[in-house]
Amino acid sequence: MEEIRRRRVGIIGAGWVSEYHLPAWAKQSARAEIVAVADPSAEAREAKSQQFGIPRAYASAETMLANEALDAVDICAPREVHVALVRLAAARGLDIICQKPLAPDYDQAAALVAGLPPSIRLMVHENWRFRAYYRRLKAWLEEGIAGAVRQVQFEFLSSGMIADGEGRRPALVRQPFFRRQERLLVMEVMIHHLDTLRYLFGEMEVVAARLERSNDDIVAEDLASVVLRRLDDGVIVTVNANLAVYGAPPAPRDHLRIFGTQATLELDGIFLSAKGQTQRLEEFDADAVYQGAYDETISHFLDGLEGHAAMETVPDDNMKTLALVEDIYRLSRFDARDKPR
């Protein structure tokens, strides 16, 4: 077992998502320290440096890696540069945790993974499966309280893409980069759910998929209807996601129902229940779950480096999620150039 030591970590990317990565690293201060941050935005990198007490800030990852003696990097930069940054860190023999998706598409991810030296330890930061209610739900499934699973239905609905009286779309106010993403709902959001469904139910294949776009302020899809089939027994898993639903809240919530022979298990936002031969109800704190998923992902990465646990979201596993994503785009035949209906 590897000796536990305090690792020196560099953060690449000081944008929106780093607001959740950095508090997670702070909770692991006995095992790791953030010694540098790199981002082309002077304002962003200096703000994070001051807010989290990071000693040094750099305008580029290349400069940071050339000047710092690091053990690992945490890549929080946009997906378009993940491949280049992973290769840059791997060339220096560093351990890597990289925000999802590993690459903009499956083929680029496969080429990246194939070219990595065997000694490189890489984990994809896929944190949704580390949310407290999904870990609890996994335990319930393993306990067998649902019995044999017969059907699974998942919904992720939001009104965030519906313009308000001033023409603002809440989803775009919160995450402006959604406007230019060429692959939006599935690659940016549903990828979390696909990974979590794999975590809960095992491997699946895509049977059918339809994608649509609701407005001209975005170039990609904000509606997805997907039918999946579990490989070992043929159980059907349906996924419906839509960011332009009248009557839905602007901030979407997960709604998962598992229909079993002994009980129905349901996650509805922050409420997790079992109804049937076993009766259970648990409520979770939304803010604690959200940050907690980042906390648990970073902790799991360090556990893996220290030899205490097998990393769950290593490239070989994550490629299976990316394969589902790619199949959805392929089967839907979605064309971002089509006008919304």
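Helices (DSSP H or I, at least four residues) and strands (E, at least two) are numbered from the N terminus.

Before going on, keep in mind that this is a predicted model, where local features need pLDDT of at least 70 and side-chain atom pairs count only at pLDDT 80 or more, while totals for chains, interfaces and linings use all residues. Residue numbers start from 1 along each chain as its sequence is written, and side-chain values use heavy atoms, with hydrogens and water left out.

**Helix 1 against helix 9**

Helix 9 covers residues 286-305, and its axis comes within 8 Å of that of helix 1, crossing at roughly 55 degrees. That makes helix 1 oblique to helix 9. Axes here are lines fitted to C-alpha atoms, for helices over the stretch in contact, with angles from 0 to 180 degrees between N-to-C directions; under 35 counts as roughly parallel, over 145 as roughly antiparallel, 65 to 115 as roughly perpendicular, and the rest as oblique.

Show the side chains next. Helix 1 brings Glu 19, Tyr 20, His 21, Pro 23, Ala 24 and Trp 25 to this contact, and helix 9 brings Tyr 290, Gln 291, Tyr 294, Asp 295, Ile 298, Phe 301 and Leu 302 (contact is heavy atoms within 4.5 Å).

**Helix 1 against helix 2**

Ser 18, Glu 19, Leu 22 and Pro 23 of helix 1 meet Lys 48, Gln 51 and Phe 52 of helix 2.

**Around helix 2**

Stay on helix 2, residues 42-52, and pick out Ala 44, Arg 45, Lys 48 and Ser 49, which are buried (under 20% relative accessible area; exposed is over 50% and partly exposed in between, with a 1.4 Å probe and protein chains only). They sit on the same side of helix 2, because they cover an arc of only 130 degrees around its axis, taken from the directions from the helix axis to the C-beta atoms. What do the buried residues pack against? Look for helix 1 (18-26), strand 2 (32-38) and strand 3 (56-58).

Turn the view around: the face away from the buried side carries exposed Glu 43 and Gln 50. Just after helix 2 comes Gly 53, with a positive phi of about 65 degrees.

- Pick Ala 263 in strand 12 (residues 263-268). Ala 263 is buried, at 3% relative accessible area, and its C-alpha is 6.8 Å from that of Gly 147, 116 residues apart along the chain. Leaving aside neighbours within four places in sequence, its contacts include Ile 145, Ala 146 and Lys 275.
- Go to Asp 317 in helix 10 (residues 315-332). Buried or exposed? At 17% relative accessibility, Asp 317 is buried. Not counting residues up to four places away in sequence, Asp 317 touches Arg 129, Asp 195, Arg 198 and Glu 312.
- Arg 333 belongs to the segment after helix 10. Arg 333 is exposed, at 76% relative accessibility, and has a positive phi of about 55 degrees although it is not a glycine.
- Finish in the loop between strand 5 (95-99) and helix 5 (106-114), where you'll find Pro 101. The peptide bond from Lys 100 to Pro 101 is cis, with omega near -15 degrees.
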